[in-house]
Amino acid sequence: EAAAGTLAPDLGAAAVVGRCQVMDADGNTLPAAHAHVDESRLYEEWLSRNFVWTPGAAIFRRRALEEIGGFPPGLGPAADYAVYLRLARTGAVRVIARDLVRYRQHEMSMSRDPALMLRATLSVLHHEAAAAGPSWQSSIRQGRHAWCAWYGEQIVERLRADWHAGRRGASQLRAVATLVRRCPRVAFRHLARKARLTCASLWRRCADAWVRVDARLRRRVAP
């Protein structure tokens, strides 16, 4: 009702978006931190983060949605993000800082697959780069870097959890390929960290082994 009440009298608005209250699979409310959104820089901010966590927290004017062809096919879980950017680029989105819907998270949700979300999100930005003017290209590049950092870290954490749980298959290989191709900086940073830890561990083992060998030699030559 709040979103509809904002949209109806504002003829220049194509959509109204707001926040959502997050809950787990059992319906328990989860803590959530909502960052401030500067509506005067809405499109620019949206390029680097999606503060509308579920399409249920958005309401659209049907005519405006039809004029842009609706939700684009082929973008999977980021189709709504593509619509937000398309409308925000023309200044046609309004933001209200209040909860509009409850959002249930569960393990099978597409948004819980960081590799899939990264691929879809970068596809959206690729389309935006082709449609937006030259003045937006720098912001779009910054958006790509931000999303790669955001989802790249999540991919690493998911791969680490899968490895310890013994899940090592095609899904994990696709995630690794996505990480290396799309987020080489994140991949290199974690590989370098792993290499440092491995070298440090090997050094400690060698040092311990040498101490043991030295102790044995000393016992042998002792009078």
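Student: Into which classes do the residues lining the second largest pocket divide, and how many are nonpolar?

Tutor: Happy to start there, keeping in mind that this is a predicted model. The lining of the second largest pocket includes three polar and six charged residues. The remaining class there is the nonpolar one, with nine residues.

Student: Which residues are closest to the centre of that second largest pocket?

Tutor: The second largest pocket holds about 580 Å³ of space. H6, helix H7 (170–182) and H8 each supply at least two residues of its lining. Of the 18 lining residues, the closest to the centre are Val156, Leu159, Arg160, Leu191 and Lys194.

Student: Let's turn to the largest pocket. Which elements give two or more residues to its lining?

Tutor: This pocket has a volume of about 1100 Å³. Of its 41 lining residues, Asn50, Phe51, Val52, Trp53 and Tyr151 are the closest to the centre. The elements giving two or more residues are strand S1 (15–23), H4, strand S3 (93–104), helix H5 (114–131) and helix H6 (137–164).

Student: Why is helix H4 described as largely enclosed by the rest of the structure?

Tutor: H4 spans residues 79–88. Its buried residues include Tyr81, Tyr84, Leu85 and even the acidic Asp80.

Student: How many residues apart in sequence are the parts that the Arg94 and Asp10 pair ties together?

Tutor: Arg94 and Asp10 form a salt bridge, with their closest N and O atoms 2.7 Å apart. Arg94 lies in strand S3, whereas Asp10 sits in the loop between helix H1 (2–7) and S1, so the bridge ties together parts whose separation in sequence is 84 residues.

Student: In the salt bridge between Arg89 and Glu128, is Glu128 buried or exposed?

Tutor: The closest N and O atoms of this pair are 3.0 Å apart. Arg89 is in the loop between H4 and S3, and Glu128 is in helix H5, 39 residues apart. Arg89 is partly exposed at 23% relative accessible area. Glu128 has 5% relative accessibility, under the 20% cut-off, so Glu128 counts as buried.

Student: One last topic, the surface. What is the accessible area of the nonpolar patch formed by Trp210, Val213 and Leu217?

Tutor: Val213 belongs to helix H8 (residues 184–221). At 37% relative accessibility, Val213 counts as partly exposed. Together, Trp210, Val213 and Leu217 have an accessible area of about 310 Å².

Conventions:
Residues are numbered from 1 along each chain as its sequence is written. This is a predicted model: local features need pLDDT of at least 70, side-chain atom pairs count only at pLDDT 80 or more; totals for chains, interfaces and linings use all residues. Side-chain values use heavy atoms; hydrogens and water are left out. Buried means under 20% relative accessible area, exposed over 50%, partly exposed in between (1.4 Å probe, protein chains only). Helices (H or I, at least four residues) and strands (E, at least two) are DSSP runs, numbered from the N terminus. Patches are made of residues with over 30% relative accessible area and no salt bridge: like charges are joined within 9 Å, nonpolar side chains (Val, Leu, Ile, Met, Phe, Trp, Tyr) within 5 Å. Accessible areas come from the Shrake-Rupley method with a 1.4 Å probe; for residues, only the protein chains shown count as cover. A salt bridge is a side-chain nitrogen of Lys or Arg within 4 Å of a carboxyl oxygen of Asp or Glu. On a 1 Å grid over the protein atoms alone, a cavity is a set of points where a 1.4 Å probe fits but cannot get out, and a pocket is an open set with protein on both sides within 12 Å along at least five of seven lines; lining residues have an atom within 4 Å of a point. Grid points are joined across faces, edges and corners, and a volume is the space filled by probe spheres set on the points. Ala, Val, Leu, Ile, Met, Phe, Trp, Tyr, Cys and Pro count as nonpolar, Asp, Glu, Lys and Arg as charged, and the others, Gly among them, as polar.
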